[in-house]
Amino acid sequence: MTGLVKAYDDRRVVDQVDLAVPVGQVVALLGPNGAGKTTTVECIEGFRRPDAGTVRVLGLDPVRDRNTLTPKLGVMLQEGGVWQAATPREVLRLFARLHPDRWNPDDLIERLALGTVAGSKYRNLSGGEKQRLNLALALVGRPEVLILDEPTTGMDPEVRQQTWELIRGLRNEGTSVLLTTHFMQEAEVLADQVAIMARGRMLAEDSPAGLIATHAPPGIVVTTPDRIDAESLSDRLDGALVLADTADRWLVDAGERDPQSLLVGITTWFADNGRHLTSIATGGEGLEAAYLELTRQAFGEPATLPDGAGGGMPLEARR
Ligand SMILES: Nc1ncnc2c1ncn2[C@@H]1O[C@H](COP(=O)(O)OP(=O)(O)OP(=O)(O)O)[C@@H](O)[C@H]1O
């Protein structure tokens, strides 16, 4: 996909975006709410017509060649269009019949832990169960390309792990996967390449390790049950940037400072101020730190953690 542009009511929400998903790889598309991820994905799926740019999936135009592409493409939407009174078993069997090369519906029901609700009406399923059924529907035709919009949102941790295993297995069998997610761990665990968008622009695309090496500021992560005064801590640390991403977790950006002397400074500040440290660790926070750094630069101000990635509280920042 090159130079993708899409506007709603004259407002460009995707602006000259390039993105490539190599065959047999997983690409994770990350970005704050409203970044343009779903719009990008919908253009790739052929649900939206781009205003400019070129989109090709398996060499085909998703809008013009829709009929040829549909059997090769598995799509999981944020909200599925499943008939409310149908049961998971019924819809999966129905969808399976539409595909020549298909996954056994009962096998998929088992793999996605839908056994106990396979005979329940769709409208009575929990959010996580609906999500699992939507994933099963995307998989049932054994697609060559899989597009998953926030696939594990609403899933419990055990099912999320199983879903990761499933996606990894499909990738190893040669399926190409594009997924959007707000879970940094999901991207770190699954993705060969991570693409980060904000305000309709592509900020960076690289392997998770490459993004971390280039963009994650070296830092120290501190967790504490107590309220802390970031300004006072920053003063003790010679003006180091102190960021809060949840009520109990703080990131101290080491910058050019010596991490060892920062560690000493932090622990003595906590002792002097009668505050408790639950944990303290060096090494920043991997992909999450890289993501925050990139989006902060894009917004020119402290970013907000995405939903589900540590509470989504606004970051407090101070130099
Ligand atoms: N049909 C529409 N009409 C008008 N504006 C829209 C439409 N769909 C999306 N938008 C706007 O376009 C922008 C990008 O939305 P999009 O859903 O692509 O973002 P996203 O990155 O997927 O966000 P999220 O993480 O919240 O799902 C948002 O500001 C949104 O309000």
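**Strand pairing, ligand shell and domain layout**

The model is predicted: local features need pLDDT of at least 70, side-chain atom pairs count only at pLDDT 80 or more, and totals for chains, interfaces and linings use all residues. Residues are numbered from 1 along each chain as its sequence is written.

Helices (H or I, at least four residues) and strands (E, at least two) are DSSP runs, numbered from the N terminus. Two strands count as paired if DSSP finds at least two bridges between them. Strand β1 (residues 2-8) is joined to β2 by five bridges, and the two run antiparallel. The open sheet has three strands in the order β2-β1-β4, with antiparallel pairing. β2 (11-17) and β4 (52-54) stand at the edges with a single partner strand each, so one side of each is left without a neighbour in the sheet. From one strand to the next, the twist averages 20 degrees. Axes for such angles are lines fitted to C-alpha atoms, for helices over the stretch in contact, and angles run from 0 to 180 degrees between N-to-C directions.

The ligand is surrounded by Y8, V13, G31, N33, G34, A35, G36, K37, T38 and T39. A residue is near a molecule or strand if its C-beta atom, placed from the backbone, lies within 6 Å of it. Helix α1 (residues 37-45) gives the most to this shell, with three residues. By class, the shell has three nonpolar, six polar and one charged residues. Here Ala, Val, Leu, Ile, Met, Phe, Trp, Tyr, Cys and Pro count as nonpolar, Asp, Glu, Lys and Arg as charged, and the others, Gly among them, as polar.

The chain is divided into domain 1 (2-211) and domain 2 (217-284). These bounds come from an automatic or database domain assignment. The C-alpha centres of domain 1 and domain 2 lie 38 Å apart.

Two loop residues were examined for exposure. A residue is buried if 20 or more other C-beta atoms, placed from the backbone, lie within 10 Å of its own, exposed if 12 or fewer, and partly exposed in between. R64 sits in the loop between β4 and α2 (66-69). R64 is exposed, with 11 other C-beta atoms within 10 Å. R64 and E205 are 141 residues apart in sequence and 28 Å apart in space, C-alpha to C-alpha. T153 lies in the loop between β6 (145-149) and α6 (157-172). T153 counts as partly exposed, with 18 C-beta neighbours inside 10 Å. The C-alpha atoms of T153 and H182 are separated by 8.4 Å, and the two residues are 29 apart along the chain.

Strand β10 (residues 219-223) pairs antiparallel with strand β12 (residues 249-253) over five bridges. V222 has W250 in β12 as its bridge partner. β10 also pairs antiparallel with strand β13 (residues 279-282), over four bridges. The bridge partner of I220 in β13 is T282.

The expected span of a helix is 1.5 Å times one less than its number of residues. Helix α10 (residues 259-272) has 14 residues and should span 20 Å; its end C-alpha atoms are 20 Å apart, which agrees. G274 follows α10 with a positive phi, near 65 degrees. The buried residues of α11 are L287, E288, A289, A290, Y291, L292, E293, L294 and T295.
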